[in-house]
Amino acid sequence: MIKKLGAFTAVWPLLIAFAFIAMLEYLIGWRNIWIAWRRVPAALAVLTVFLLVLSYGCRAARLQWYFKKIMVGRFLDALRLTLVHNFLNNLIPLRGGEASFPYLLRRDFGIPIVTAIATLM
């Protein structure tokens with residue numbers, strides 16, 4: 001049972017991505033998306049992606065700095081937590097994804113739930 005759950009856990013992000021891609025094709029159409037993207041100057045697109053990556057990096061660095069003793073040398077883990085938390089914020093309605101942050105801190109770093117909630121606030 002646990003092995004089946006593990007396999008499903010590895011596949012569900014791919015299923016969500018596929019559903020999202022199919023939904024975009026159905027609702028908008030990839031041709032229309034590419035036409036819109038061709039109007040965006042390349043420099044602006046590169047700058048936007050750079051700033052997005054920098055923003056996530058800063059969030060992960062801030063989290064790592066806040067829990068210096070626990071997260072030392074674990075920047076990529078902090079970045080993963082930040083990305084998953086942001087993904088769930090966008091996926092779960094009414095900002096319900098915020099509840100994932102304390103859970104992820106407890107699961108990935110062993111931080112007590114009360115401390116994790118205080119960190120979120």
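1. The crossing of helices H5 and H6 is right-handed, a crossing being right-handed if the near helix is turned clockwise from the far one by less than a right angle, and left-handed if anticlockwise. By class, the contact of H5 with H6 has eight nonpolar, two polar and four charged residues. Here Ala, Val, Leu, Ile, Met, Phe, Trp, Tyr, Cys and Pro count as nonpolar, Asp, Glu, Lys and Arg as charged, and the others, Gly among them, as polar.

2. This is a predicted model, in which local features need pLDDT of at least 70 and side-chain atom pairs count only at pLDDT 80 or more, while totals for chains, interfaces and linings use all residues. Residues are numbered from 1 along each chain as its sequence is written, and side-chain values use heavy atoms, with hydrogens and water left out.

3. H5 spans residues 75-91 and H6 residues 100-109, and the two pack at an angle of about 150° with their axes 10 Å apart. They are therefore roughly antiparallel to each other, a term for angles over 145 degrees.

4. Leu15 and Phe75 are 60 residues apart along the chain, and their C-alpha atoms are separated by 27 Å.

Note on methods: Axes are lines fitted to C-alpha atoms, for helices over the stretch in contact, and angles run from 0 to 180 degrees between N-to-C directions. Helices (H or I, at least four residues) and strands (E, at least two) are DSSP runs, numbered from the N terminus. Angles under 35 degrees count as roughly parallel, over 145 as roughly antiparallel, 65 to 115 as roughly perpendicular and the rest as oblique.
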